[in-house]
Structure formats: structure tokens, C-alpha cells
Amino acid sequence: MQIGELARTTSTKVETIRFYEKIGLLPEPGRTAGNYRDYGAAHLARLSFIRRARDLGFTLDQVRELLALSDDRSRSCGAVDSVARAHLAQIDQKIADLRALRRELDEVIGQCSQGAISDCRIIEALGPHARH
């Protein structure tokens, strides 16, 4: 299949596919007689894997590591678990950070008296002398 069909099949932009090829996540395909990229089932499977991993929030480096592990079917699943657990810890930290951010923003909004902008607690909290 050509790059446009691969893009449509996986809901991936053509530029993203080329980027994944450039950074080595996706092997470069062969070429047709007309010099078009010619992708096969292995490309489709690998790109689908990459897309799903990215949808789950794995970084490109983590995806690269997962792909390397996936390519060596004889390895222990423990290495994959390690990557996934590290990612889960990052997610948990982001959730904690977002909760703290939500509490802070809720507090600032709660101080709003709907008065003039000159008395606005939200504007004040965003200013250069805001407390952190």
C-alpha cells in the first residue's frame, strides 16, 4: 500500500509516518517501479503498535524501547512491565500535579467577587507578585 492508504488505515498523518521513518521507529519501505513508498502488513502492524502506544501516552523513547522488546520475542516480559510501570508512575505524578493545580485555581476562582478588574483576584494571582 502507498503512504496515503497507510495513513488513512491507521489515522496517522503522512508527515508523522515520514517522521517515524526518519527517527527509525518505522523501517523505510521498499519502492515501487514508480518510486512510491510500498508499505506492507509488517509496516501496518508496527505503525498500529506505535499509534496505540502514543495514544496511551508513552514517549517516543519508551515506544522505541517497547518496539525493541517486542522485536525480541524470547525476552522476559519483565522488561516491558518495567517500562509500563515507569510510565504509570509518570501518569500518577501528572494526575497529582493536575489535582493540585485544580485546587489552586478553584481557590482563586472562589475569591472572585465579580467586581472591577482592578480588584480581580484571578488577575492578581496571575501577576508577577503572585504567591507560589
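## Basis

This is a predicted model, in which local features need pLDDT of at least 70, side-chain atom pairs count only at pLDDT 80 or more, and totals for chains, interfaces and linings use all residues. Residues are numbered from 1 along each chain as its sequence is written, and side-chain values use heavy atoms, without hydrogens and water.

## Helices α1 and α2

Helix α1 spans residues 3–10, and helix α2 spans residues 14–22. Helices here are DSSP runs (H or I, at least four residues), numbered from the N terminus. The two axes come within 9 Å and cross at roughly 105°. Axes are lines fitted to C-alpha atoms over the stretch in contact, with angles from 0 to 180 degrees between N-to-C directions. α1 and α2 are therefore roughly perpendicular (65 to 115 degrees).

Ile-3, Leu-6 and Ala-7 of α1 meet Val-14, Ile-17 and Arg-18 of α2. Contact means heavy atoms within 4.5 Å.

## The core

The largest nonpolar core has 17 residues. Such a core joins buried Ala, Val, Leu, Ile, Met, Phe, Trp, Tyr and Cys residues through side-chain atoms within 4.5 Å. Ile-17, Tyr-20 and Phe-58 are among those with the most contacts inside it. α1, α2, α3 (41–55) and α4 (60–71) each supply at least two residues. α4 gives the most, with four.

## Phe-58 and His-87

Neighbours within four places in sequence are left aside for both residues. Phe-58 touches Ala-53, Val-63, Leu-66, Val-83, Ala-84 and His-87.

His-87 lies in helix α5 (residues 78–110). His-87 is buried, at 6% relative accessible area (buried is under 20%, with a 1.4 Å probe and protein chains only). Its contacts are Leu-56, Gly-57, Phe-58 and Gln-62.

Key
Parallel < 35°, antiparallel > 145°, perpendicular 65-115°, else oblique. Buried < 20%, exposed > 50% of the residue type's maximum accessible area, 1.4 Å probe, protein only.
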